[in-house]
Amino acid sequence: RHTTPQIEHIISFLTELFVSGKSYRTILGYRSAINAVAKVAYYPDICQHPLMQRFVRGVYNIRPPIPRFSRIWDVNTVFTYIKQMGDNDTMPMVQLSMKVATLLMLLTGKRCNSIDSFDVNYMDLTGDYCIFYPTCLLKHHRPGQTMKAIKYRAFHDDTVVCPVQAIADYYVRRSEYSTKSTKFFVSTKPPHDGAKKDTIANWVKRLLVAAGVDTRVYKTHSCRSAATSKALDLGLPLQTVLAAGDWSSQTTFFRHYRKEILQAFPSGDPAEVDVGNILLSNLPR
């Protein structure tokens, strides 16, 4: 059952939050919470009330949301560090986990929870590609939307940074553990259960730190912005970049992940272009 406060009382409460220093997004969060339990006369959705709209516009004008960062680190910095890490067969398992997790995030621009969902029972691995088929709903999935598999193509020019080679080598070393988990990533410590999403994110963060990325500013999620922004800089079609990041429109990408519009390829089929191979091809020799 909903309460029926006056719109003025709601705005007065939100004003107190504003005066206390709360951000624009935080105030919108409180408004949404109130909207879930309260209704005002003639406006079932308080967000549509003219006074609420004027208030929110005023908060936005005075205290607009500020992005965490306006520039993003160059993925080449991380790829160059990965090339110096050594052989997959001899490096410590935790370092191999860090390497593989970072490669899989960067080379497709996916979220950490996408990488966390990978399952060895739903994996198709060959010498030329590796496909992970979806096993659960992820953050970007919407009702009526077909869940798409995530494909990594081999980069034969340099096997050190080849995602398929890294996946294959990790899978071999993973099989040495007596784990009952079918998750692709497993903990490096006994009993080697399936790695949690936070563990995978921490592996990526540790590698970013080792590569020289300032993780006080750039968190693990910044891999999405770094990879897709670099891909657009290198000339990939916008539609390819949007598809890689699972964005249904360019609005979210340009508002939160990309700050300027760059010219894409004038022609070509986006489906035939691989983001990962383009990024790796740009590495200095």
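In the predicted model, residues 259-271 form a stretch over which pLDDT stays under 50. For this stretch the model has 20 contacts beyond four places in sequence. Where pLDDT is low, the predicted coordinates should not be read in detail. For the chain overall, the mean pLDDT is 86, and 88% of the residues reach a value of 70 or more.

The secondary structure of the chain consists of 12 helices and three strands. Of its 285 residues, 45% count as buried. The accessible surface amounts to about 15500 Å², and carbon and sulfur atoms contribute 51% of that area. When contacts with a separation of 6 or more are considered, 65% of them involve residues 24 or more positions apart.

Helix H5, spanning residues 93-106, packs against helix H7, spanning residues 163-174, at an angle of about 145°. The axes of H5 and H7 lie 10 Å apart, and H5 passes H7 in a left-handed crossing. On the H5 side, the contact is made by Met93, Leu96, Ser97, Val100, Leu103 and Leu104. The H7 side supplies Pro163, Ala166, Ile167, Asp169, Tyr170, Arg173 and Arg174. By residue class, the contact of H5 with H7 comprises nine nonpolar residues, one polar residue and three charged residues.

Note on methods:
Residues numbered from 1 in each chain as written. Predicted model: local features only at pLDDT ≥ 70, side-chain atom pairs only at ≥ 80, totals over all residues. Heavy atoms only, no water. Axes fitted to C-alpha atoms, helices over the stretch in contact; angles between N-to-C directions. Helix = DSSP H or I, 4+ residues; strand = E, 2+ residues; numbered from the N terminus. Left-handed = near helix turned anticlockwise from the far one by under 90°. Contact = heavy atoms within 4.5 Å. Nonpolar A, V, L, I, M, F, W, Y, C, P; charged D, E, K, R; others polar. Buried < 20%, exposed > 50% of the residue type's maximum accessible area, 1.4 Å probe, protein only. Areas by Shrake-Rupley, 256 points an atom, 1.4 Å probe, with all protein chains shown as cover. pLDDT = per-residue confidence, 0-100.
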